[in-house]
Amino acid sequence: NDKFGRGVLWNFIKGKYHSPVEETRIFMFVDLVSSTQIAEKLGNKKYHNLLRDFFADVTNAIIFNNGDIYQYVGDEIVISWKMKEGIENNECIQCYFDMMQAIAVNKEKYMARYQLVPEFKAGMHFGKVCAGEVGIIKRDITYSGDVLNTASRIQGKCNEYKVKFLTSDELLSKLSLKNFYSSKSIGDIELRGKGQKIPLSSIEFT
C-alpha cells in the first residue's frame, strides 16, 4: 500500500482493470499556494524537502477520510474517492480541513526548517471516469475523463476569487453540509476548455 497506493497492488493481481472499467468518482486537486516564489526562495533541495514534509504530514488526513492518493504532480496532490465513500459523512470535505489541521499542528516545525508554513488551495468535482491499466515497462492504473480536467480547472480559480476551497455545485448538491460547514456561491464560472459555465461554491469551516 505504501509503494503503490491503497489496494492498487491487489487490483493488479486480480486483473480488475485489465479491461477498462467505468466508475463514478470524486476528485480533489490540492496545490500549494505561491509555490514558484517558495521554490525560488528555498532552492531546489530545500524545496524538495518541504514538499516531502508536506505530503507526509497530510497523508493520514487523506487515509482517515477514505481518500486515495491518485498522483503527486510536482507540488500538487490528486486525491480520489469512490462516490459512496466520498459523500458519506462529507469525508471529501472533511479531508481538506483535516489536512489544514495537520499542517497547523506542525507549524513550528515548518517555521524552524523553512521559515514559512505551507498553505494550499483545492478544487473538487465528481463524474464518470474510465479506469484501466496503461503502460508496458511501467504499468499503472489511470483514470481518464472530463471530471479530472474540470476539477483541475476549478482549483485554478481559487486565486482569482481569493478562496482556498472550491467545489462544483453539482457535487455540493450530493452532500449534506453539517452545522460546522458553510458554503458561499461564487456564481456560474467559465472554465477553460468547457463549453458551458459551471456553478461553483467555496466551502469554509465555521
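**Reading rings, cores and loops**

Q: Which residue lies over the face of Y110?

A: K109 lies over the face of Y110, at 5.1 Å from the ring centre. A charge is taken to sit over a ring if NZ of Lys or CZ of Arg is within 6 Å of the ring centre and within 35 degrees of the ring normal. The model is predicted, so local features need pLDDT of at least 70 and side-chain atom pairs count only at pLDDT 80 or more, whereas totals for chains, interfaces and linings use all residues. Residues are numbered from 1 along each chain as its sequence is written, and side-chain values use heavy atoms, with hydrogens and water left out.

Q: How many helices and strands are there in the chain?

A: Helices (H or I, at least four residues) and strands (E, at least two) are DSSP runs numbered from the N terminus. In this chain there are nine helices and eight strands.

Q: What percentage of the residues in the chain is buried?

A: Burial is read from relative accessible area: buried means under 20%, exposed over 50%, and partly exposed in between (1.4 Å probe, protein chains only). Of the 206 residues in the chain, 47% are buried.

Q: How many residues does the largest nonpolar core have, and which of them have the most contacts inside it?

A: A nonpolar core is a set of buried Ala, Val, Leu, Ile, Met, Phe, Trp, Tyr and Cys residues joined through side-chain atoms within 4.5 Å. Here the largest has 38 residues, and M28, F54, I79, I93, M99 and F165 have the most contacts inside it. Elements that each supply at least two residues of this core include β1 (21-32), α3 (44-64), β3 (76-82), α5 (91-105) and β4 (120-134). Helix α3 gives the most, with eight residues. A second, separate core of ten residues includes F29, Y70, Y143 and L148.

Q: Where is the place of M99, and with which residues is M99 in contact?

A: Contact means heavy atoms within 4.5 Å. M99 has its place in helix α5 and counts as buried, at 0% relative accessibility. Leaving aside neighbours within four places in sequence, M99 is in contact with V30, V58, A61, I62, I79 and F120. The C-alpha atoms of M99 and F54 are separated by 9.6 Å, although these residues are 45 apart along the chain. I93, with residues up to four places away in sequence not counted, touches M124, F165, L175, L177, Y181 and I203. For the chain as a whole, among contacts between residues at least 6 apart in sequence, 69% join residues at least 24 apart.

Q: Which residues are buried in helix α7?

A: An α-helix has 3.6 residues a turn, so residues three or four places apart point the same way. In helix α7 (residues 146-156), the buried residues are V147, L148, T150, A151, I154 and Q155. They cover an arc of only 165° around the axis, which puts them on the same side of α7; the arc is that of the directions from the helix axis to the C-beta atoms.

Q: How many aromatic pairs does a search of the whole structure find?

A: Rings of Phe, Tyr and Trp (its six-membered ring) pair if their centres lie within 6.5 Å; planes under 30 degrees apart count as stacked, over 60 as edge-to-face and the rest as tilted. The search finds 16 aromatic pairs. F27 and Y70 form an edge-to-face pair, 6.2 Å centre to centre with 70° between the planes. F27 lies in strand β1 and Y70 in strand β2 (residues 68-73), so the pair ties together parts that are 43 residues apart in sequence. Both F27 and Y70 are buried. Y110 and Y114 form a tilted pair, 6.2 Å centre to centre with 35° between the planes. They are four residues apart in helix α6, a separation of about one helical turn. Y110 is buried at 0% relative accessibility, and Y114 at 3%. One aromatic cluster is formed by F54, F55, Y72, Y96, F97, F120, F165, F180, Y181 and F205.

Q: How many disulfides does a search of the whole structure find?

A: A disulfide is a covalent bond between the sulfur atoms of two cysteines; the search takes a pair of cysteine sulfur atoms within 2.5 Å. It finds zero disulfides. For C92, the nearest cysteine sulfur, that of C95, is 8.6 Å away. C92 is buried, with a relative accessible area of 0%, whereas C130 counts as partly exposed at 33% relative accessibility.

Q: What is the phi of Q115, and what is that of K162?

A: Phi of Q115 is near 60°, a positive value in a residue other than glycine. Q115 has its place in the loop between α6 and β4 and is partly exposed, at 44% relative accessibility. Phi of K162 is near 55°, a positive value in a residue other than glycine. K162 is found in the loop between α8 (158-161) and β6 (165-168) and counts as exposed, at 75% relative accessibility.
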